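Dear colleague,

Please find below the structure that I am handing over to you.

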Amino acid sequence: MSTGNGHAPRVLITGGAGFLGSHLADRLLNAGYQVRLLDNLDPQVHPQMDATFQDRRPPAYLSPESELRVGSVLDERAVAQALEGVTVVVHFAAVVGVGQSHYQIARYSQVNLQGTAVLLEGLLQRQRQPGSGLSRLLVAGSMSVYGEGRYWCPGCGVSRTSAGRSLAQLRRKQWEVLCGACGAELEPQPTDESKPPQLGSMYALTKHAQEQMCLLFGRTYGVPTVALRFFNAYGPRQALTNPYTGVAAVFAGELLAGRRPQVFEDGRQRRDLVSVHDVTTACQAAIERAGIEGETFNIASGETLTVAELAEELARALDVPLQPFITRHFRQGDARHCIADISAARARLGFAPRVRLADGMRELATWLSQQSPRLPDPARRPPAASGAQARAIQELRGFGLTG
Ligand SMILES: NC(=O)c1ccc[n+]([C@@H]2O[C@H](COP(=O)([O-])OP(=O)(O)OC[C@H]3O[C@@H](n4cnc5c(N)ncnc54)[C@H](O)[C@@H]3O)[C@@H](O)[C@H]2O)c1
């Protein structure tokens, strides 16, 4: 990989010390890019950090070939310096907990919205200097913007979108989405990018805004911009101690600590989990493909499974004989089903997911078993009710967000 002048192009990945960013950094380094990361090493994601932010030790998995700048996307100077000499920007920096975003509204708005605004103003300053235009701005969108995915009504024989389930319905523990016309239980259908957003959390709202801010900036200033809406990504380096993050990591953390993962509702919510390796393949294509400027793509595996099946699959892969605990509680804002239609990414990005779920889970399990010494000693394990997941659920309960 080289620019016309023989130099390898330099990429900036904001949030590049995190799960997806660090894997993308490795892929781009292998492909011959120079990679710079701007990351404030948020202690919620990087527990090796001192909570006072004094001891900013980078995660051990980061490649020494990538250039880490410890700093926040909220810091104009840090952003301007990080943008020097880069031709591609990947914007991954975000706080990422759906449930937590319901009550840490200022923090989610600040990092996800204001952080994006500061980055775009930094880019604008650069755009005004001759010869320093970007070849690509890539922004991480999220499946969360869809809320409920697309549905099929077997009663009416037509596709339906749904405004979701009322609080009263959830309190009756009637989990499936119902057809507004005939009352039948709707069946999930693959959701494509044209489905209108249905924002069920502050996180989803900020992710939608991040994506739209970047696309609008791209149109306004002629910066070739692409948004990728990731479905649930899984793989090595997920933040295990962060109970507000991806479902696979939360369940794995519980299983390794000897606790049954707590599954909301009846566990039959359907999702699409995608390996981090397929995510980074899609990112590289989105950086390099011509003719996709201004477009948005779902990135997922196209394989679906229920949340309870995921917990069972992980327990099998980890060889931990613990069944999920089906709580029959709900969390406000959770979609019942959301599964992906990836035909646009296949056609326009040449994206073809390669990692089968069983193989990806085995890889995750191997990595997890190497991490277990960092998890609590079995003799000193807290009782089940005080695990990280339970604490996160307790917080939601405190705000009346679960029932
Ligand atoms: N992992 C998924 O399943 C998934 C799904 C959909 C969308 N996404 C999006 O992909 C992106 C990456 O997610 P991830 O799973 O790698 O999350 P992550 O939490 O592992 O990584 C996010 C990184 O951003 C950093 N960060 C937080 N605040 C920052 C700030 N103010 N300045 C600079 N850096 C900051 C964190 O320290 C962390 O390293 C996010 O934008 C997320 O919304 C992820």
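This is a predicted model: local features need pLDDT of at least 70, side-chain atom pairs count only at pLDDT 80 or more; totals for chains, interfaces and linings use all residues.

Residues are numbered from 1 along each chain as its sequence is written, and side-chain values use heavy atoms, without hydrogens and water.

The ligand is surrounded by 29 residues (a heavy atom within 4 Å of it); the closest are Leu-20, Asp-39, His-46, Tyr-203 and Lys-207. By class, this shell has 17 nonpolar, nine polar (Gly is counted here) and three charged residues. Strand E5 (136-142) is among the elements that supply at least two shell residues each, and E5 gives the largest share, three residues.

Polar contacts (N or O atoms within 3.5 Å) reach oxygen atoms of the ligand from a side-chain atom of His-46 at 2.8 Å and from a backbone N or O atom of Ala-233, also at 2.8 Å. The protein covers 94% of the 830 Å² of accessible area that the ligand has on its own (Shrake-Rupley method, 1.4 Å probe).

The largest nonpolar core has 45 residues (buried, under 20% relative accessible area, and joined through side-chain atoms within 4.5 Å). Phe-230 is one of the members that touch the most others. Beyond its neighbours within four places in sequence, Phe-230 is in contact (heavy atoms within 4.5 Å) with residues including Leu-20, Phe-92 and Ile-299.

Yours sincerely

How values were computed:
A polar contact is a pair of N or O atoms within 3.5 Å; within protein, one must be able to donate a hydrogen and the other to accept it, and residues adjacent in sequence count only if both atoms are side-chain atoms. Helices (H or I, at least four residues) and strands (E, at least two) are DSSP runs, numbered from the N terminus. Buried means under 20% relative accessible area, exposed over 50%, partly exposed in between (1.4 Å probe, protein chains only).
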